[in-house]
Protein chains: 2
Amino acid sequence: MPLSEEETIKMKNNLGRELKNASVKQLNSLCESLRSTIYETVSHCGGHLSSNLGAVELTVALHRVFDFPSDKIVFDVGHQCYTHKLLSDRAERFDTLRKEGGISGFPKREESVYDCYDTGHAGTALSAALGIAKARDLAKAPYQVIALIGDGSFQNGLIYEALNSLKLLHTKILIILNDNGMSISPTLGGVHEVLDELHGERKLDDVALFERFGLRYMGPVNGNEIGELLPALEEAKEALNEDTVLLHVVTQKGHGYPFSESAPMQTHGVGPKAPKSEYSAALGEELCALAKNNPKIVAVTAAMADSLGLRNFFESYPDRAIDVGICEEHASVLAAALATQGLKPYYAIYSTFLQRAFDEIIHDICGQDLPVTFCIDRAGATGADGETHQGVFDLSYLSFIPNLTVAIPKNIAEFRKMIRLSSTYMHPLAIRYPREGEEGEAGTVEIGKFEVLHSTMSDIVILAAGERCIRLANRLQNALREECGKDVSIVNARFLRPLDRELLSSRPEKFVVTLEDNVKIGGLGASIAQFYQGSGKTVLSFGYDDVFLPHAEVPSLMEKYGLGVQKILGELMKYACR
Amino acid sequence: MPLSEEETIKMKNNLGRELKNASVKQLNSLCESLRSTIYETVSHCGGHLSSNLGAVELTVALHRVFDFPSDKIVFDVGHQCYTHKLLSDRAERFDTLRKEGGISGFPKREESVYDCYDTGHAGTALSAALGIAKARDLAKAPYQVIALIGDGSFQNGLIYEALNSLKLLHTKILIILNDNGMSISPTLGGVHEVLDELHGERKLDDVALFERFGLRYMGPVNGNEIGELLPALEEAKEALNEDTVLLHVVTQKGHGYPFSESAPMQTHGVGPKAPKSEYSAALGEELCALAKNNPKIVAVTAAMADSLGLRNFFESYPDRAIDVGICEEHASVLAAALATQGLKPYYAIYSTFLQRAFDEIIHDICGQDLPVTFCIDRAGATGADGETHQGVFDLSYLSFIPNLTVAIPKNIAEFRKMIRLSSTYMHPLAIRYPREGEEGEAGTVEIGKFEVLHSTMSDIVILAAGERCIRLANRLQNALREECGKDVSIVNARFLRPLDRELLSSRPEKFVVTLEDNVKIGGLGASIAQFYQGSGKTVLSFGYDDVFLPHAEVPSLMEKYGLGVQKILGELMKYACR
């Protein structure tokens, strides 16, 4: 039976004492209660459901056995930290999860002393825990450091780099491998096979694989059973006096909720409402259509085939569909190499995760001028996931890479045309788009050619990049008509690189306004300003402010952080309504 | 006895036939001859000596056993490809090594069909070979694919990500692990220990470690003995019908040249002449001085302690000096975590390699606003190493990251002051500098404050970033005085972030010229242009053109790719000499 609401609140508020003294039965009741809170909260706030449901017992057991915040725990990715938030100091505020001004869906040092390290991207927890432990050793402090890492992250190169330095750093941490056989999609690759075999009969050479790195392997234990977890964690804690310990915990993603158990991929990230049309669906459709007639088309992804719209492609063309797991760098080099042999790779990825492959974009793909197409989803502000997931840097970090073409479709119809166009384009190409959009209509698309949407005789032209900013441009246009009767021109600035030099050179307007769903510094506006240097034109660029955007709905982020209609209007009126 | 010159040329020119038919004795003579050519060429052209000397026999044996360019070989890092170049189609041009217009020190697809994949940064070869092999399989082509990888690269996360996808990709390649126990500095970490034990008695669990990933382990063989290599390679080639093979080859870095054998770290990269003063030496001195009185100072590096000037620090403060091997990402997260616990980490790295840690700069260090100091060496054009090693993107990719401060010293004295200042600065800080410079003198340094070097009543001010560009500004100043008697102001624009808003707002000049040793797009000039938007000022920014800079001396690169005095002068005279 779940605890009553009163009992739950009491228990959450008196953790220091009660959690430590609770019986296994009471802890199980607590888990039921926590699970129910998480389910209900995610139902109305959105968030990561199955990963959090799977980690309830494990987190409760950790809070029982260790002393947070004296002891430190780093959550890899951080998409399993809800129970930790409920058990530390955020139970009362938990119904504000992912809402503007509310608590974050990821660990945040600013939010609580119980969060010692911010995460969001995969694979950082082991390095972070080692750094914290090294600092502890230098300070001769007594606390324990724990890294909680899913098996999906164990494919990531960062984890390996950290494992490889365990002996070198001469420190001791507890690594909890939370093995649910899933990352976002089912986990792939050699390491997974090792883990799979450890589930059953422990093979000496598999254990040896881990122990070669200088750690002591313990487990596997059932991570959804408090009764198994408590003694295992006590034993691991004891062993930390001697060794770095890897405790292998097997959990069930979505544990406790039948639908979530059977469909963990669909319930990994859940939104509070159904989205409108998605660019990802169009990507899947267009790539499948291209692949049908062109055997050179290959799709590459890093553990995100479903959310990128590629499920159908993967089922229809399994030979030409490659999911390497959470390995953004490897995926890039692999795509580059496929292209050297005449194939036409499409590498689909979220904007924020592509940051991981920045060097490979430069060194491998653009350095060799290879025809890889990046399909960059979740570009621009992404909303409720917050700082670590905003896609607002890509127009800046892609603006200066030689040989690269960067396209920004105005709607899904134009995106489809860009994908079709890309199939015969023999240079690196990045197409960046948000999650949701309107299908709309599109005219001809040509590399490096902008599209004039509205041309007037006024002295102001707005260059807008992407669907959100074209909508913003239309609102500004209407507002300026109302404010001072001025009708401004609007151009769909659909290529960051190459700029449409011909169009830009021929525009007669004195004032050039740029709008982009990206940080203002270094993106489209900066490139346009440099293009017009010495021309006598005044370039006014608008984009996000120079801060990390917190979690909030996209319209609110635009309004508050640099792309608000009224604020831009105020600026423009200085020039437009004189 | 080495072959005569005539015999050598003949052999090189008739490889297809002669190399295939040569006896082991003849091949050994060829190796002596090649070694001598490499040694002499590097003596006058500079380049990578010890890594190339170590790989002579291995490369000759590979050319004997495999059929290039039908078969494909990817050289990891590429700093061991000289023998390959001599044996393929570049023997006659080998004396142009690393010279402008001559052959590159790294593999280059543009240079020869024998080079199938460009490299320069560590860890890409396995992913690249897998991609090439996958393309071969899709095309049902019959050739073999080889990845030649040093043990140092085996620490890199990219290699692990690629290993982890071996089974998934269902393809077969030959991985040659060129194990010389060195990367640039001696190789560190868990994997190295495994390799070390394999040198001696082959332990089953170590072999199992590799075999878990789905490959067949063969070796170790002495990679400096043609007589051992040929049968081992034949056997490996045969085994490729069934499996992906890892052939473990043990070589001696610098083999054949006593000085290079005993000092491989000093002879890894060799320049044709002794450098002037180096920023790296100053870094080592200043960090040691700081560390003496401040126990919070920690140095972190990714396999480059020597070339970054940190040897003395590592010897004096071993507890606070961390070299994680070629793991740029891990080093960043480790530094971030150390900083969360109140330590003051200095992460020293080359500009081009920091690209690997781009996501971690954003996600871990700046996202958490942690006081990590990046000491970014080899910034700006770096010269003879060519495209893959130029440090010309950092001002662009660091320009838009919230919370980050970016400093650009005008000389070594100012660099010292910045390092001292950094020790009490509690936010992320990047200091970028070239290899060589003048000690010079420096005044007070304050975060975000430019320095006026020369102020006049003219209508032009030059904002110059870094030593090279301040020299360039002085030359432009002199030239403008001569051309039209105009004396322009010069400002040391020593912070890209934050800009000196106060100074910029108060400058009276109508024309603002920016100079930076970085690509023009998205760097200092772009930020200044955005700062002045709507002000009526004309910003003229100069930096490198939008291309990958090839290998050439730095002055020549500046002259030809956007920072030439005459070209800039021509532009400025349009405004200055009207």
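Visitor: Which residues does B:A129 touch, not counting residues up to four places away in sequence?

Guide: This is a predicted model: local features need pLDDT of at least 70, side-chain atom pairs count only at pLDDT 80 or more, and totals for chains, interfaces and linings use all residues. Residues are numbered from 1 along each chain as its sequence is written, while chains are lettered from A and ligands numbered from 1 in the order in which they are written. Two residues are in contact if their C-beta atoms, placed from the backbone, lie within 7 Å. Leaving out residues up to four places away in sequence, B:A129 touches B:V74, B:V145, B:I146, B:A147 and B:I173.

Visitor: And which residues touch the most other members of the largest nonpolar core?

Guide: Such a core is a set of buried Ala, Val, Leu, Ile, Met, Phe, Trp, Tyr and Cys residues joined through C-beta atoms within 7 Å, where buried means that 20 or more other C-beta atoms lie within 10 Å of a residue's own. The largest core has 369 residues, and those touching the most other members are A:A129, A:I462, B:A129 and B:I462.

Visitor: Which strands are at the edges of the open sheet in chain B?

Guide: Let's walk across the sheet. Its five strands are paired in parallel, in the order β2-β3-β4-β6-β5. Each edge strand pairs on one side only, and in chain B these are β2 (72-75) and β5 (215-222).

Visitor: Which helix gives the largest share of the side of chain B that touches chain A?

Guide: The contact takes 91 residues from each of chain B and chain A. On chain B's side, 41 residues are nonpolar, 32 polar and 18 charged. The largest share of that side, nine residues, comes from α7(B).

Visitor: Why is helix α18 of chain B described as largely enclosed, and how many of its residues are buried?

Guide: What covers its buried residues includes α18 (358-366) of chain A, together with α16 (328-340) and α19 (394-397) of chain B. Among the buried residues of α18(B) are B:F358, B:H363 and B:C366. The helix is largely enclosed by the rest of the structure because the count of buried residues, out of nine, is nine.

Methods
A residue is buried if 20 or more other C-beta atoms lie within 10 Å of its own, exposed if 12 or fewer, and partly exposed in between; C-beta atoms are placed from the backbone. Two strands pair if DSSP finds at least two bridges between them. Helices (H or I, at least four residues) and strands (E, at least two) are DSSP runs, numbered from the N terminus. Ala, Val, Leu, Ile, Met, Phe, Trp, Tyr, Cys and Pro count as nonpolar, Asp, Glu, Lys and Arg as charged, and the others, Gly among them, as polar.
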